[in-house]
Amino acid sequence: MAGLEIRNVRKSFGATPILHGVSIDIQDGEFVILVGPSGCGKSTLLRMIAGLENITAGEIRIGSRVVNAVPPKERDIAMVFQNYALYPHMTVKDNMAFSLKLRKAAKEEIESRVGRAAAILGLEKLLDRYPRQLSGGQRQRVAMGRAIVRDPQVFLFDEPLSNLDAKLRVAMRAEIKELHQRLRTTTVYVTHDQIEAMTMADKIVVMHDGVVEQVGAPLELYDRPDNIFVAGFIGSPSMNFLKGKISGDTFRTDSGLTLPLPTRGARPADGMPAVYGLRPEHVRLAEGGVPVEVAVVEPTGSETMVLVRPPGGGTQAIANEVARDIACVFRDRIGAGPGERIGITADPALVHLFDAENGRRLN
C-alpha cells in the first residue's frame, strides 16, 4: 500500500484547459472520493492517476515514486470501471485470474488469490458462471474481485455504482466500504452522487470546473462549507439560498423575510449584502414564526418534505434565479395542506452566511 500525492496537476485538451492546478494529499490506507457535477474534471483526474491520460503539467506520486511517465501496467494500481469491463467468454474465475495469468504467476498463487478474493466478496459459488448469468451487483463484485487479486498499492473506482438500481446501490455502498475496512488499501473513488460521497468517504474532494473547491471529512463539508457551491452540492435536499442584507441583529431577504443571524462567527457589518444559507432539515415549525404558504407536501414516512412559499412572491436566490419555494424537511407529520399557512423559523446555530459577491463563507 502507498499514499498518493497530486501536485499542481493541469490538463488541457488542445487549447481547452480541463484541470487548473489540482493539488491533493491522500494518505496511505485512506478512502478518498472525488465528487462534483459532470464535466468538473474528476474522471479525467482519475484517468491521469491510472496513466490513461497524459499530464499536461504537475506531478503525481504513488508512494515515493513520480509516475508521470510510468506506463499504467507498471503503476501498481487496479481500476474498477463504470461498465465493469468483464470478458463475456470467460468464467468468473477466469476473469478474476486474467491479470495474474498475464504476469505468468504460478498456478498455486493464482488459485490462492482468486480464492481469497472470492471469499471476501461472496463469489465462491459463482466462479464457474459467465458474466451473462450474473446480476448487476454480482458483475460489480467480479470487477472488484479482479482488482483485489492484483493486491495493488491503490484502488481506483470510476462511478462503479451508476448502472445499478437504487436498492442495489445502497447495498453495494456498504459492501465497498466494508471491503475497504478489511483491506485498508488506499482508494480513490469518483462519483457525481454526493450521498455516495457522504456515506463512504474518509475524505471528500469537491471539484467544480477543474478546480478543487474544498477538501475535508464528510461532516466537515456538511457543517462548514467554504462557499456557496460546496454548500449547495453537499446535502440532500440542497441548501436553500436567500439573497438579502444584514439588518441590525437580523437578516432581511430581498422579498422582506426577517430571519435570525447565525450565532457562530463574527457578525458582518450592518447593511452588508449577503446570501443566507439554510438547510431544509434545519428549518423549524414555529407558531408566530415567519408566515409561509404550503405549496407541496411530500411524505416519505420517516420525514415530510414541504415546499413553502413566502408571502409576496418568490425569494431571490443565487445565480440570478428566482427560487419560488423554500424546501423544508420535518421529522414531524404536519396536518397542513397546499394553500394553508404555517409558521417557520431557522435555528441560529445552524445558519450559514455567504458573501454575495464571491460566494465565500462569512461565519
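**Close-up views of a predicted model**

**Figure 1. Helices H3 and H4 lie oblique to each other.** This is a predicted model, as are all the views that follow. The axes of H3 and H4 come within 9 Å and cross at roughly 140 degrees. An angle has to be over 145 degrees to count as roughly antiparallel, so this pair is described as oblique instead. The crossing of H3 and H4 is right-handed. To find the contact, look for Arg116, Ala117 and Leu121 on H3, and for Arg141, Met144, Gly145 and Ile148 on H4. Sorted by class, these residues are four nonpolar, one polar and two charged.

**Figure 2. Helix H2 meets helix H3.** Here H2 covers residues 92-102 and H3 covers residues 107-121. How do the axes of H2 and H3 cross? They come within 10 Å and cross at roughly 135 degrees, and therefore H2 and H3 are oblique to each other. H2 passes H3 in a right-handed crossing. From H2, the contact draws on Lys93, Met96, Ala97, Leu100 and Lys101. From H3 come Ile110, Glu111, Arg113, Val114, Ala117 and Ala118. Which classes make up this contact of H2 with H3? There are seven nonpolar residues, four charged ones and no polar ones.

**Figure 3. Helices H4 and H5 run roughly parallel to each other.** H4 spans residues 136-148 and H5 spans residues 166-183. Their axes come within 11 Å and cross at roughly 20 degrees. Angles under 35 degrees count as roughly parallel, which is why H4 and H5 are given that description. Their crossing is right-handed. On the H4 side, the contact is made by Gly136, Gly137, Gln140, Arg141, Met144 and Ile148. On the H5 side, look for Leu168, Met172, Glu175, Ile176, Leu179 and Leu183. Seven of the residues in this contact are nonpolar, three are polar and two are charged.

**Figure 4. Aromatic rings join into a cluster.** Which residues do ring pairs link here? The members of this cluster are Phe31, Phe155, Phe157 and Tyr189. Across the structure, there are seven aromatic pairs. When you look at two rings together, keep two things in mind: the distance of the centres and the angle of the planes.

**Figure 5. Two arginines sit over tyrosine rings.** In one case, the charged end of Arg132 is placed over the ring of Tyr130, 4.9 Å from its centre. In the other, Arg279 lies over the face of Tyr222, at 4.2 Å from the ring centre.

Figure 6. Most peptide bonds are trans, and most residues other than glycine have a negative phi. Now look at the bond joining Ser236 and Pro237: it is cis, with omega about 0 degrees. Asp76, a residue other than glycine, has a positive phi, near 60 degrees.

Definitions and conventions. Residues are numbered from 1 along each chain as its sequence is written. This is a predicted model: local features need pLDDT of at least 70, side-chain atom pairs count only at pLDDT 80 or more; totals for chains, interfaces and linings use all residues. Side-chain values use heavy atoms; hydrogens and water are left out. Axes are lines fitted to C-alpha atoms, for helices over the stretch in contact, and angles run from 0 to 180 degrees between N-to-C directions. Helices (H or I, at least four residues) and strands (E, at least two) are DSSP runs, numbered from the N terminus. Angles under 35 degrees count as roughly parallel, over 145 as roughly antiparallel, 65 to 115 as roughly perpendicular and the rest as oblique. A crossing is left-handed if the near helix is turned anticlockwise from the far one by less than a right angle, and right-handed if clockwise. Contact means heavy atoms within 4.5 Å. Ala, Val, Leu, Ile, Met, Phe, Trp, Tyr, Cys and Pro count as nonpolar, Asp, Glu, Lys and Arg as charged, and the others, Gly among them, as polar. Rings of Phe, Tyr and Trp (its six-membered ring) pair if their centres lie within 6.5 Å; planes under 30 degrees apart count as stacked, over 60 as edge-to-face and the rest as tilted. A charge sits over a ring if NZ of Lys or CZ of Arg is within 6 Å of the ring centre and within 35 degrees of the ring normal.
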